[in-house]
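Open the model in your viewer and keep the selection tool at hand.

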Amino acid sequence: MSLRRCFLLLSRLPVPRRACAIRRAASSGSSSRPPDTSLFVPLSVRSETSRDGDIGLELSQALDKSEILKALNRFYKRKEIQKVAAEQGLDARLFHQAFISFRKYVLEMPSLGAELHIILNDICCGAGHIDDIYPYFIRHAKQIFPMLDCMEDLRKISDLRVPANWYPEARAIQRKVVFHAGPTNSGKTYHAIQRYLAAKSGIYCGPLKLLAHEIFEKSNSAGVPCDLVTGEERTFVDPEGRQSSHVACTIEMCSVTTPYEVAVIDEIQMIKDLARGWAWTRALLGLCAEEIHVCGEAAAVNFVRELMFSTGEEMEVHNYERLTPFSVLDHAVVSLDNLRPGDCIVCFSKNDIYSISRQIEVRGLECAVIYGSLPPGTKLSQAKKFNDPDDPCKILVATDAIGMGLNLSIRRIIFNSLVKPTVNEKGEKEMDTISTSQALQIAGRAGRFSSVFKEGQVTTMHHDDLPVLKEILQHPVDPIEVGDIFVSLSQVDGLYFVCNIDDFKFLADMIQHIPLNLRSRYVFCTAPINKKQPFVCTSFLKFARQFSRDEPLTFDWVCRHINWPLVTPRNIKDLVHLEAVHDVLDLYLWLSYRFMDMFPDANLVREVQQELDHIIQQGVRNITRLIRASEAQAPLPGTGKNGDAAGIQHRSRGSGIQGPSSSRARGNKTLGRASGSLGSRLVQEGLLTPELLDQLRSEWSQGRIISTLNQITRRQRIDSAKRLNE
């Protein structure tokens with residue numbers, strides 16, 4: 001794609017996607033700012049023979065290149081020329097690049113245009129002024145930097161100030177804004193939903209498909225017809241497909257042109273999210289509803305009030321307290337032997353989930369598993385299993401995916417770690433201690449009002465994490481405050497920042513070579529895919545190629561691509577692949593609502609996806625068996641060549657069990673996965689028999705490695721310990 005097309009693509013980005021959150025700093029107010037010219041890459045100009053032939057030579061004489069070089073260098077150094085060029089958009093950097101290209105063009109072209117040839121000849125003969133070169137120079141500069149012709153248009157398009165004015169339907173009415181502020185399990189969303197159900201028409205906007213689906217079911221169960229709209233699904237309760245007066249949707253899918261009596265915006269604190277925050281800003285400023293009910297943390301009250309100043313709308317604040325208390329225990333769990341019914345162990349990596357699930361099974365206990373990449377149906381199935389008082393499953397192992405969207409009957413939250421991978425403003429991955437807001441969101445899952453446990457408890461797996469957790473929870477939630485984040489050329493008010501479009505650029509680069517029209521390319525670049533999954537990225541690329549050939553992606557084509565039918569997973573690798581396939585089907589459904597003629601078999605694909613969900617559920621129900629199979633074949637996903645789990649960097653972080661050494665330094669290796677290297681060497685050198693190695697693995701997995709080592713001779717134990725330390 002040419003640079004001109006890249007800029008045109010950027011300029012067509014819908015404004016609501018590019019400014020999303022309030023900032024407490026004063027309004028910047030600058031009318032314009034220079035573009036980041038480091039983004040400008042010069043195009044090459046082919047050295048073709050002039051259409052004028054040698055007319056310039058015939059009318060004057062041959063050019064002396066040494067004299068031409070001297071004249072060009074004098075032209076380059078003239079301050080007046082640099083000033084005039086700057087007015088055309090050529091800053092010092094672009095001016096230098098343009099001059100180098102122009103000089104090369106003049107000196108290397110076999111023949112120049114007649115006018116330029118004569119001008120240069122006159123300058124060399126003293127009959128012309130050096131400034132006469134400028135018109136030819138600037139024309140060449142615009143050939144290699146074509147965006148110079150549309151800089152002013154780009155600046156106008158990128159003027160993102162006063163976003164409240166982008167929504168004339170909302171500005172045409174005087175909206176009533178009500179903020180329901182409170183912690184998790186305080187009833188804030190319940191009160192907003194009650195008003196939603198009582199209204200003649202309403203829209204619920206939530207961050208997750210699970211939350212939208214919950215309101216969809218709750219509304220219809222209450223006798224209020226309600227439709228469901230997500231990126232991948234449209235469900236109309238009316239048999240003839242007519243829209244209901246109420247709709248529950250994911251926040252990106254809300255309509256800002258349809259009038260409603262009541263709108264509910266859930267989890268408003270997510271307006272600060274670098275990738276998705278634009279959707280909350282768009283909903284808050286643009287929903288055309290008589291009443292806007294906003295639900296979220298009290299820390300968001302001030303910035304929402306400030307944002308409403310720009311629309312001239314007043315805001316009521318209703319504060320709520322937690323309905324059931326939760327307390328931080330004075331002791332850590334230390335060992336998985338101390339687990340009790342109703343416990344939920346929270347991890348921040350799937351490898352930790354795999355490890356802990358395996359350890360729990362060894363103890364004869366059954367556990368449910370929930371993490372972010374599982375399909376919604378599987379999450380609900382695991383939640384139902386854990387909540388069922390008649391089910392033997394009484395332990396839950398989960399990531400922070402339980403923080404919202406699931407109703408769980410948890411008595412005690414146990415943080416296995418307080419460190420979570422995050423992505424900073426530059427898109428770089430970092431490991432950081434969880435924030436107060438995150439800790440409260442997760443801890444608040446314990447002892448929920450509607451569960452059998454009326455009082456929640458919170459603790460950690462490890463002793464040294466407990467004081468850190470207490471300090472985090474005692475710290476007040478910081479008011480939402482976002483730093484200065486700007487995209488080149490964009491002008492935003494001080495209340496807003498421009499969203500991170502790294503995912504957009506990633507997909508744009510991936511399909512750059514595929515011939516697509518501008519609208520289609522833009523839609524493909526906004527597709528919500530997991531770029532960490534190679535199979536998903538490959539599928540995205542194949543979808544785009546098939547689309548570009550104007551060949552519909554039929555049900556049979558999709559089945560061949562995913563090798564349907566699929567079977568129950570045999571190991572963790574199979575399970576991860578099935579999750580990726582589910583994401584690919586999500587992508588198909590998402591595209592089917594944007595290009596119905598090219599993705600015609602949405603209903604058939606949805607049926608396959610539901611069947612795949614059941615297959616994944618079977619795999620998750622037998623996850624410990626899958627882990628055992630994976631251990632017997634190869635390291636788990638994310639582990640090193642010797643089996644070191646990337647997410648389980650030392651003994652206590654992964655399992656909560658004390659190993660031979662009390663050291664908690666990161667990097668200690670897990671003995672149970674060393675069989676491919678260290679274990680085999682010990683057997684080959686006669687220090688361990690295969691039987692003892694198998695027993696060692698078994699005892700390690702049960703946390704009794706010391707007793708196993710005591711069964712080995714003193715010499716064997718010393719030598720083994722030395723090799724383990726190596």
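Contact here means heavy atoms within 4.5 Å. Keep in mind throughout that this is a predicted model.

**Stop 1: a single alanine**

Select alanine 192, which is found in helix H10, residues 188-198. Is alanine 192 buried or exposed? With a relative accessible area of 0%, alanine 192 counts as buried, because the limit for that word is under 20%. Now show what surrounds this residue. Leaving aside neighbours within four places in sequence, alanine 192 is in contact with His180, Val264, His293 and Cys295. Pick out histidine 293: this residue and alanine 192 are 101 residues apart along the chain, yet their C-alpha atoms are separated by 6.1 Å.

**Stop 2: the nonpolar cores**

Next, select Ile345, Ile360, Ile511, Phe524, Phe540, Phe543 and Phe599. These residues touch the most other members of the largest nonpolar core, which has 72 residues. Helix H22 (residues 572-592) supplies the largest share of this core, 13 residues. A second, separate core has 38 residues, including Val177, Ala181, Ile271 and Val294.

Go back to phenylalanine 599 and list its contacts. Not counting residues up to four places away in sequence, phenylalanine 599 touches Phe524, Phe543, Phe547, Leu553, Tyr588, Leu591 and Ser592.

**Stop 3: a sheet**

Switch to a cartoon view. In what order do the six strands of the open sheet lie? The order is S9-S16-S13-S10-S12-S11, and the pairing is parallel. Strands S9 (326-328) and S11 (367-370) stand at the edges with a single partner strand each, so one side of each has no neighbour in the sheet. On average, neighbouring strands of this sheet are turned by 20° against each other, direction ignored.

Zoom in on strands S10 (residues 343-346) and S13 (residues 412-415), which run parallel and are joined by four bridges.

**Stop 4: two crossing helices**

Finally, select helix H15 (residues 376-387) and helix H23 (residues 602-621). Their axes come within 9 Å and cross at roughly 40°, which makes H15 oblique to H23. The crossing is right-handed. Show side chains to see which residues meet: Gly377, Thr378, Ser381 and Gln382 in H15, and Asp613, Ile616, Gln617, Val620 and Arg621 in H23.

Methods. Residues are numbered from 1 along each chain as its sequence is written. This is a predicted model: local features need pLDDT of at least 70, side-chain atom pairs count only at pLDDT 80 or more; totals for chains, interfaces and linings use all residues. Side-chain values use heavy atoms; hydrogens and water are left out. Buried means under 20% relative accessible area, exposed over 50%, partly exposed in between (1.4 Å probe, protein chains only). A nonpolar core is a set of buried Ala, Val, Leu, Ile, Met, Phe, Trp, Tyr and Cys residues joined through side-chain atoms within 4.5 Å. Two strands pair if DSSP finds at least two bridges between them. Axes are lines fitted to C-alpha atoms, for helices over the stretch in contact, and angles run from 0 to 180 degrees between N-to-C directions. Angles under 35 degrees count as roughly parallel, over 145 as roughly antiparallel, 65 to 115 as roughly perpendicular and the rest as oblique. A crossing is left-handed if the near helix is turned anticlockwise from the far one by less than a right angle, and right-handed if clockwise.
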